[in-house]
Amino acid sequence: MIRREEVEGVLKDLPVGKLHGIGPKLEEELKWIGVFTCGQLGKIPPGALTKRFGVIGERLHEMGLGLDESPVVPFDQEEDAKSISHSVTLEQDTSDPRLLRKVLLQLSERVSKRMRKEGFYGRRVSITVRYSDFYTFSKQKTLSGFVNSGNEIFNHSIELFESIHHPKPIRLLGVGVSLLKKEWCQLPLFDNREKKRQFTEGHGSGKRPIR
């Protein structure tokens, strides 16, 4: 246990590479701008880090200060983490928005197919992104209702993805749905679920997406 008043002293000379989430490549980039320790990282303004590293800049600043709002949950009190997800490592690192959009659509359809097969609906959609330097993070959105169609999952996934500035080419993408319930859960009103499912699978192209 590290007390609040001890955090600054503990982090002052701690190498940034010791922090969870900072891999060798990101550590090298931080060293390139003169940041070797957590103490140095915490002194750089969040705006400067965001300009250099994109969406992870503010989080890097917080890590340098030892700030983390995640609750500490005892192991035996953790919630059921059951979820359905798929991810893919791209053949080449890319920043091509059309290709990345296509990959998210295919992943959303794969998640949807598994959910329908197992009779699940979910209320939280998440994406996972890994950059060319192997820095990996996830972003999620909790919905007001339950979903399981590929079209709905894709719409929320692309919204999450486009809400982030991506400063580097992307190596891996993932899509997941959690907070799952079986088919008996309350759903948004839709007159013909099967017709909507068929439309989603075709997605306007007349062809099923590649599995």
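The following questions and answers concern side-chain packing and pairing in a predicted model.

Q: How many residues apart are Arg101 and Glu162, which form a salt bridge?
A: The closest N and O atoms of Arg101 and Glu162 are 3.4 Å apart. The pair links distant parts of the chain, since Arg101 lies in helix 6 and Glu162 in helix 7 (residues 150-162).

Q: Is Glu162 buried or exposed?
A: A residue counts as exposed over 50% relative accessible area. Arg101, at 40%, is partly exposed. Glu162 has 57% relative accessibility, and therefore counts as exposed.

Q: In which helix do Arg114 and Glu118 both lie?
A: Arg114 and Glu118 form a salt bridge, with the closest N and O atoms 3.7 Å apart. Arg114 is partly exposed at 32%, and Glu118 is partly exposed at 33%. The two residues are four apart, about one turn of the helix, and both lie in helix 6.

Q: Why is the pair of Tyr131 and Phe137 tilted, and not stacked or edge-to-face?
A: Planes under 30 degrees apart count as stacked and planes over 60 degrees apart as edge-to-face, while the rest count as tilted. The ring centres of Tyr131 and Phe137 lie 5.7 Å apart. Their planes are at 50 degrees, so the pair is tilted.

Q: Which residues form one aromatic cluster?
A: Tyr135 and Phe137 form a tilted aromatic pair, 6.3 Å centre to centre and with 35 degrees between the planes. Phe137 is also paired with Tyr131. The cluster consists of Tyr131, Tyr135 and Phe137.

Q: At what distance from the ring centre of Phe120 does Lys182 lie?
A: Arg52 lies over the face of Phe53, at 6.0 Å from the ring centre. Lys182 lies over the face of Phe120, and its distance from that ring centre is 4.3 Å.

Key:
Residues are numbered from 1 along each chain as its sequence is written. This is a predicted model: local features need pLDDT of at least 70, side-chain atom pairs count only at pLDDT 80 or more; totals for chains, interfaces and linings use all residues. Side-chain values use heavy atoms; hydrogens and water are left out. A salt bridge is a side-chain nitrogen of Lys or Arg within 4 Å of a carboxyl oxygen of Asp or Glu. Buried means under 20% relative accessible area, exposed over 50%, partly exposed in between (1.4 Å probe, protein chains only). Rings of Phe, Tyr and Trp (its six-membered ring) pair if their centres lie within 6.5 Å; planes under 30 degrees apart count as stacked, over 60 as edge-to-face and the rest as tilted. A charge sits over a ring if NZ of Lys or CZ of Arg is within 6 Å of the ring centre and within 35 degrees of the ring normal.
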